[in-house]
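Reader: I would like to go through this structure with you term by term, asking what each label rests on. Could you set each value against its definition as we go?

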Number of protein chains: 2
Amino acid sequence: MSSPIRIVLVDAQHPGNIGASARAMRNMGLESLVLVRPASHADPEAVARAAGAADLLASARVASTVDEAIGDCGLVLGATARPRAANWRVLDARAAAAAAVTASAARPVAILFGGERAGLSNEEIARCDALLTIPTRGGYGSLNLAQSVQVVCYEIAMAARAPTAEPRAAEPASADEMEAMHAHLERVMRRSGFMHEGNAASLAARVRRLLARARPDGAEVRILRGFLAALERGLPHAD
Amino acid sequence: MSSPIRIVLVDAQHPGNIGASARAMRNMGLESLVLVRPASHADPEAVARAAGAADLLASARVASTVDEAIGDCGLVLGATARPRAANWRVLDARAAAAAAVTASAARPVAILFGGERAGLSNEEIARCDALLTIPTRGGYGSLNLAQSVQVVCYEIAMAARAPTAEPRAAEPASADEMEAMHAHLERVMRRSGFMHEGNAASLAARVRRLLARARPDGAEVRILRGFLAALERGLPHAD
């Protein structure tokens, strides 16, 4: 792969899980770890569990928001135990790994893992292009954080060694381009009167899910924004 | 599967690894754990790391030799980081899991994992029908015991599950609903001035490709059309 596949741990609480995640990454050929609001990662338990990957742990980037961690990424996947929201694009770990390896040929890819207590928030999930689930059996469904990272990193290593190529004519837009488009779209929805305080949150979430499934490329984002700009010129100024 | 696939930990030293292995098994639908000469498995750390699988841990069988653990098995696989002995049949974790699931239709299957320090002895490997390795990358190759058990149990779950469709909460909109939405969208694009004779054909085609990838459901089509209707009320009448 030419760009990194980045593991992003959001609100990780247990140093042992952070260290074990670093070890899992190193074994599977991944080197880019970002910690968003970690409880502690210089903890001796983290270093002990990292074993031979203590340097990977030490070079982890610490970020205060998910946006900071994913801004340059062409694909953002969110790991979740139970896909909650309807109509997200959901990939199992194997399919997600294949998509990540393919997308990483062009741009960095981020895989988000939520904290031990509550997983990813709905707001964080809204920043994802698709959700990733690890199939479990028997209805238990309680892999811990480090175990989940292990399985995902393993699937990435397996996907990377097989030559895969899901052909795609153009690269997906970056997370920053997608955010700018959503901001533009929400402004026009408000000015048209379609979005208002009563429906803003749920409407924005639904539109994000819909467009995440489409995975527009850069040219398509420019087309959508051109349309929005034309609409804005015609609409009365609100507020 | 009709017979159990048994996880056999030989000379496991760290209670945490034993507990985490139990948790990994439970998540992946495996219930039969045998401990050969464990250092300690009633240790509080083992119970803590087992989480919701403490009962699986408590019901683990303790054996004093590998032979005791595998006597009734139709297939015995030995997990090893580096296949040492020449001329063993070596399967990667995925192929080994498929073989285990197939063989378990007839008789119990055992997968042996050696201790943290030295792995399986040559004598123990000699009792195996084949060796199992977990592919790693970058030449590090140092999964710990619990991580190895996790990956193998995950591959067994993947091999055992029936082919499933990608889950989807709601049915895609019908072709008629999609056509009506496209007609509405094109009308608004024309009235806004964004679509005109010079770009109509290519623009319509691009928008159709984009929305086809998103595969909106009926509720999403109604949302898009609600937005279009709000825009139309604000736009000047063209023509």
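Reader: What makes the seven strands of chain B an open sheet, and in which order do they lie?

Author: In this predicted model, the seven strands of chain B follow the order 3-2-1-6-4-7-5 with parallel pairing; strands are DSSP runs of E with at least two residues, helices are runs of H or I with at least four, and both are numbered from the N terminus. Two strands pair if DSSP finds at least two bridges between them, and strand 3 (61-63) and strand 5 (90-92) of chain B are the edge strands, each pairing on one side only. Neighbouring strands of this sheet are turned by 30° against each other on average, direction ignored, where axes are lines fitted to C-alpha atoms, for helices over the stretch in contact, and angles run from 0 to 180 degrees between N-to-C directions.

Reader: How do you know that strand 4 and strand 7 of chain B pair?

Author: Strand 4 (residues 75-79) and strand 7 (residues 130-133) of chain B share three bridges in the parallel sense, and the definition asks for at least two, so they count as a pair. B:Gly78, for example, has B:Leu131 in strand 7 of chain B as its bridge partner. In general, strands of a sheet pair through backbone hydrogen bonds, either parallel or antiparallel.

Reader: Which strands does helix 5 of chain B lie across, and which does helix 7 of chain B lie across?

Author: Helix 5 (residues 93-103) of chain B lies across strand 1 (5-10), strand 4, strand 5, strand 6 (109-113) and strand 7 of chain B, and runs at about 100° to strand 5 of chain B. Helix 7 of chain B lies across strand 1, strand 4, strand 6 and strand 7 of chain B, running at about 155° to strand 6 of chain B.

Reader: Why is helix 5 of chain A called largely enclosed?

Author: A residue is buried if 20 or more other C-beta atoms lie within 10 Å of its own, exposed if 12 or fewer, and partly exposed in between, with C-beta atoms placed from the backbone. Nine of the eleven residues of helix 5 (residues 93-103) of chain A are buried, so this helix is largely enclosed by the rest of the structure. Among the buried residues are A:Arg94 and A:Val101, and the cover over the buried residues includes strand 1 (5-10), strand 5 (90-92) and helix 7 (145-161) of chain A. For chain A as a whole, 52% of its 239 residues count as buried.

Reader: What makes A:Asp11 and A:Arg215 buried, and where are they found?

Author: A:Asp11 is found in the loop between strand 1 and helix 1 (15-27) of chain A, and counts as buried because it has 20 C-beta neighbours inside 10 Å. A:Arg215 is found in the loop between helix 9 and helix 10 (218-234) of chain A, and its 22 C-beta neighbours inside 10 Å place it among the buried residues as well. Phi is near 60° for A:Asp11, a positive value in a residue other than glycine, and near 45° for A:Arg215, again positive in a residue other than glycine.

Reader: Why are A:Ala201 and B:Arg191 called partly exposed?

Author: A:Ala201, in helix 9 (residues 200-214) of chain A, has 13 C-beta neighbours inside 10 Å and therefore counts as partly exposed. B:Arg191, in helix 8 (residues 175-191) of chain B, has 19 other C-beta atoms within 10 Å and so is partly exposed too.

Reader: How do you know that chain B touches chain A, and what makes up that side of chain B?

Author: Two residues are in contact if their C-beta atoms, placed from the backbone, lie within 7 Å, and 47 residues of chain B are in contact with 45 residues of chain A. The largest share of this side of chain B, seven residues, comes from helix 10 of chain B. The residues of this side divide into 25 nonpolar, 13 polar and nine charged, where Ala, Val, Leu, Ile, Met, Phe, Trp, Tyr, Cys and Pro count as nonpolar, Asp, Glu, Lys and Arg as charged, and the others, Gly among them, as polar.

Reader: Which conventions apply to the numbering and to the model?

Author: Residues are numbered from 1 along each chain as its sequence is written, while chains are lettered from A and ligands numbered from 1 in the order in which they are written. As the model is predicted, local features need pLDDT of at least 70 and side-chain atom pairs count only at pLDDT 80 or more, whereas totals for chains, interfaces and linings use all residues.
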